[in-house]
Amino acid sequence: MVGGDVSEGTAPVVEIAGLGKRYGRTLALDGIDLSIGRNEVFALLGPNGAGKTTLIHILCTLLKPDTGTARIAGFDVSRQPLKARRQLGVVFQEPSLDSRLTVQENLNFHGLVHRVPFRLRRRRITEMLELVELTEWRHALVRTLSAGMKRRVEIARALIHDAAVVILDEPTVGLDAQSRERIWAYLGKLRRERELTLIVTTHYIDEVDSCDRVCIVDHGKILALDTPEALRARYGVEQVRITPRDLATRTGIMEQNPNAIAEASGDIVLPGATHGVVDRLLGGFGTGISNISIERPSLESVFLTLTGREIRDQAAERPTLARPNARTGEPVN
Amino acid sequence: MLGALGGIYAIWLREVKRAIRDRGQFIGGLSRPLVWVLILGIGLNPYFRAEIYGDVRFVVPYTYLQFLFPAVIVLNVMYTGVQSAVSMIWDREFGFLKEVLTSPMPRSHILFGKILGGATVAFAHGCLVLLIAQFTDVSLRMTDLYLGLLLMFGLGFGLTCVGAVIANRIRSFEGFGVFSNVVILPLYFTSSSIFPLNPALSGSQTRVVYPEWLVAVIKANPVTYAVDALRGVFIGFNQFDPGIGPVVIAAIAIVGFAVALFDFSRQS
Ligand SMILES: Nc1ncnc2c1ncn2[C@@H]1O[C@H](COP(=O)(O)OP(=O)(O)O)[C@@H](O)[C@H]1O
Ligand SMILES: [Mg+2]
């Protein structure tokens with residue numbers, strides 16, 4: 001295990017040991033060891049193709065691992081799949097609602113197949129629709145909803161039964177910024193109201209700051225696992241933010257520092273801050289700089305240190321390269 | 001126990017609701033018997049019973065409309081059952097299957113609910129054919145209707161299973177059209193549905209026989225016996241031992257479900 005222990009000494013609710021999975025020549029998971037504690041909000045962060053969905057599919061017993069074991073609340077996913085599944089609520093990366101049924105019918109279906117008794121089922125449907133702000137859409141056919149709304153229905157659905165662990169595989173992918181924010185707000189609210197473990201995968205780095213622990217994966221391996229703060233402290237690189245007063249200064253700084261990043265706002269961000277750098281910049285461009293500051297390390301820089309790549313680039317590029325999903329028109333990731 | 005029934009009920013209910021909302025399927029279920037019975041049946045009716053030298057000795061003592069009617073029930077049940085089975089592929093394609101597979105329901109219950117739903121819809125489409133019974137001179141009052149309905153439901157269940165098995169195996173699946181051309185129609189036409197096994201209509205024609213290969217195919221086709229069973233019930237005519245039909249229908253249902261369950265458990 002790569003640093004970071006389960007918090008508070010409670011028994012882990014998810015235990016993964018030596019998990020490996022290969023698709024033909026692609027090694028999707030390469031020996032994953034992981035344990036996740038009760039009531040933890042656990043983020044699985046990695047670029048497209050890192051193996052996140054493969055790991056999730058093994059956890060919810062849709063896929064058999066080649067090697068290793070995984071346990072949910074003590075139940076082995078290969079040997080006791082029914083019991084393991086009883087502990088799970090899942091929001092899949094790809095849509096999985098029946099679009100010809102209404103919102104209510106989809107939720108009720110879920111309650112029935114998860115054996116939620118009538119009264120609790122009715123109450124949960126009302127509560128969860130309230131949580132995701134879809135009460136008025138209760139009797140609408142799912143196919144009439146927008147992509148963001150469908151996602152919210154899926155989140156409500158995963159919470160109809162009493163799951164110990166709720167897994168959300170890229171719940172915000174393909175959604176606009178506002179919808180993404182809302183979804184995280186629901187998860188935050190849920191966390192305060194109910195005892196459960198949340199496992200959320202994402203390739204948006206800005207989303208994982210509020211999680212208890214972040215596990216960075218790439219090429220089927222865990223690169224780092226710790227709290228966001230600890231990751232920053234250990235792998236992050238402080239950066240210098242410069243606000244140039246004029247264009248000449250801006251181009252001057254960019255020319256002198258090939259690793260500098262020019263932001264759209266006009267600021268220049270220079271990774272690897274030392275006082276020497278600040279002195280040099282002030283010496284060279286003193287009057288041309290209106291503001292200069294040292295920023296705490298971002299999680300992007302953590303990712304960059306660990307993988308040598310920027311996750312941002314991929315997140316931005318992939319959707320246009322990916323084959324669009326025939327049904328939803330959303331990119332397949 | 002009740003909890004398990006709840007899950008099966010949910011899957012069954014979903015099938016039924018989707019069928020009720022699918023206008024196209026309903027229109028198909030209604031127009032198919034109309035076309036087959038009213039157009040084909042009425043059109044060929046005069047050619048079915050030959051009267052030679054004023055001496056009418058029927059091999060089949062019924063009109064063509066009556067002869068065809070039970071077969072059209074089978075056709076409707078078959079179409080709808082297979083259509084439901086094909087929807088399993090869509091469930092997989094469109095992700096809904098994952099929702100079911102991650103529930104604590106055992107695979108056998110999931111499949112059973114699905115097939116029961118398909119069988120119910122297929123059965124209902126079989127009943128649509130019964131609505132036009134009076135135009136074919138088949139009197140439902142004279143028949144053992146409950147036995148007929150039971151056989152129709154059993155057949156619906158069996159054919160939905162068979163549809164599921166085939167749908168799972170045809171990998172290059174391109175919609176329902178392939179199915180109807182490759183599976184349903186050949187099975188239907190070789191089930192002695194639209195012509196009796198014995199082509200000799202009257203005594204003077206007894207030497208006319210069908211080629212052996214055709215007779216062999218018909219006898220090997222299990223649907224033949226299902227059609228025969230329904231004919232026995234609805235018009236009192238059997239070409240085989242009346243006991244065979246119900247046994248074959250039960251066998252299709254049991255073997256079909258077993259194979260479908262084997263495939264389903266292995267794949268998911
Ligand atoms: N069904 C599959 N067949 C073959 N390769 C697959 C399959 N599913 C995933 N992969 C490959 O496995 C790797 C991990 O994929 P995935 O788990 O989907 O990653 P992520 O969810 O992090 O984007 C990728 O290289 C992907 O191309
Ligand atoms: Mg994925």
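Tutor: Helices (H or I, at least four residues) and strands (E, at least two) are DSSP runs, numbered from the N terminus. This is a predicted model, in which local features need pLDDT of at least 70, side-chain atom pairs count only at pLDDT 80 or more, and totals for chains, interfaces and linings use all residues. Residues are numbered from 1 along each chain as its sequence is written, chains are lettered from A and ligands numbered from 1 in the order in which they are written, and side-chain values use heavy atoms, with hydrogens and water left out.

Student: Which element gives the largest share of the shell around ligand 1?

Tutor: H1(A), with three residues. A residue belongs to the shell if one of its heavy atoms lies within 4 Å of the ligand.

Student: Which residues are around ligand 1?

Tutor: Among them are A:Tyr23, A:Pro47, A:Lys52 and A:Thr54.

Student: What does the side chain of A:Thr53 do there?

Tutor: An N or O atom of that A:Thr53 side chain sits 2.6 Å from an oxygen atom of ligand 1. A polar backbone atom of A:Gly49 is 2.7 Å from a ligand 1 oxygen. Pairs of N or O atoms within 3.5 Å count as polar contacts.

Student: How much of ligand 1 does the protein bury?

Tutor: 62% of the 550 Å² that ligand 1 exposes when taken alone, by the Shrake-Rupley method with a 1.4 Å probe.

Student: New topic. Is A:Ser96 buried or exposed?

Tutor: Buried (under 20% relative accessible area, 1.4 Å probe, protein chains only), because the relative accessible area of A:Ser96 is 1%.

Student: And what does A:Ser96 touch?

Tutor: Contacts (heavy atoms within 4.5 Å) of A:Ser96 include A:Glu154, A:Arg157 and B:Phe94, not counting residues up to four places away in sequence.

Conventions. A polar contact is a pair of N or O atoms within 3.5 Å; within protein, one must be able to donate a hydrogen and the other to accept it, and residues adjacent in sequence count only if both atoms are side-chain atoms. Buried means under 20% relative accessible area, exposed over 50%, partly exposed in between (1.4 Å probe, protein chains only).
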